[in-house]
Amino acid sequence: YYSRGLAKASMNDYAGAIADYDKAISINPKNADTYYSRGLAKASMNDYAGAIADYDKAISINPKNADTYNNRGAAKCLLKNYIEAIADYDEAIKLNPQNAGSYYNRGLAKCLLKNYAEAIVDYDQAISLNLKNADIYNNRGVAKVSLNDYTGAIADYNEALRLDPKHASAYSNRGIAENKLKRLLDH
């Protein structure tokens with residue numbers, strides 16, 4: 001049932017995947033991977049509270065899986081539980097300090113808490129681990145704008161656009177930053 005659930009999830013049949021994971025759990029309730037995968041399927045269906053419950057169970061069985069903490073943090077972030085999300089990202093980073101995604105996600109949560117300088121530190125680390133992600137540069141630019149570093153933000157938006165020439169947010173954000181910089185220089 002677990003393998004069939006994975007196959008269904010890969011075809012975006014999340015309800016079918018959850019039904020198979022439920023059966024797999026009834027047969028073997030001690031498999032952390034099944035709870036983790038069911039949590040992913042629930043998150044894909046916007047059932048973030050259900051996903052968190054499954055990630056909690058997976059962590060209780062296997063507390064050493066960084067991806068589980070990272071994904072639980074993402075679900076908490078989507079429920080606006082930013083402080084708890086950051087704690088999960090901290091644990092994910094402790095378990096796997098080479099995962100750019102955990103630094104990126106923690107940076108997002110810190111931005112949502114208006115901790116822009118701390119977010120930039122996380123984005124810097126994510127970039128050092130994964131130089132080819134336009135979203136990281138775009139979001140670091142957003143944090144820099146919030147700290148009135150328009151020149152730095154424009155450089156980040158330019159890099160985001162170099163990596164992904166169709167990145168609409170980077171175009172929009174760059175225009176806003178250029179306008180703010182121009183107004184600042186005109187005064």
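Here are a few notes on the nonpolar cores and aromatic pairs in this predicted model.

1. Start with the largest nonpolar core, which has 18 residues. Y104, C111, Y123, A126, I136, A143 and A160 are the ones with the most contacts inside it. Two or more residues each come from helix 7 (100-112), helix 8 (116-129), helix 9 (134-146) and helix 10 (150-163). Helix 8 gives the largest share, six residues.

2. Leaving aside residues up to four places away in sequence, A143 touches C111, Y116, I120 and Y123.

3. On to the rings: the structure holds three aromatic pairs. In one of them, Y2 and Y21, the ring centres are 6.0 Å apart and the planes sit at 45°, so this pair is tilted. It bridges distant parts of the chain, with Y2 in helix 1 (residues 2-10) and Y21 in helix 2 (residues 14-27), 19 residues apart. Y2 has a relative accessible area of 25%, so it is partly exposed, whereas Y21 is buried at 1%.

4. Y36 and Y55 form another tilted pair, because their planes are at 45°, with the ring centres 6.0 Å apart. This pair also links distant parts of the chain: Y36 belongs to helix 3 (residues 32-44) and Y55 to helix 4 (residues 48-61), 19 residues apart.

How values were computed:
Residues are numbered from 1 along each chain as its sequence is written. This is a predicted model: local features need pLDDT of at least 70, side-chain atom pairs count only at pLDDT 80 or more; totals for chains, interfaces and linings use all residues. Side-chain values use heavy atoms; hydrogens and water are left out. A nonpolar core is a set of buried Ala, Val, Leu, Ile, Met, Phe, Trp, Tyr and Cys residues joined through side-chain atoms within 4.5 Å. Buried means under 20% relative accessible area, exposed over 50%, partly exposed in between (1.4 Å probe, protein chains only). Helices (H or I, at least four residues) and strands (E, at least two) are DSSP runs, numbered from the N terminus. Contact means heavy atoms within 4.5 Å. Rings of Phe, Tyr and Trp (its six-membered ring) pair if their centres lie within 6.5 Å; planes under 30 degrees apart count as stacked, over 60 as edge-to-face and the rest as tilted.
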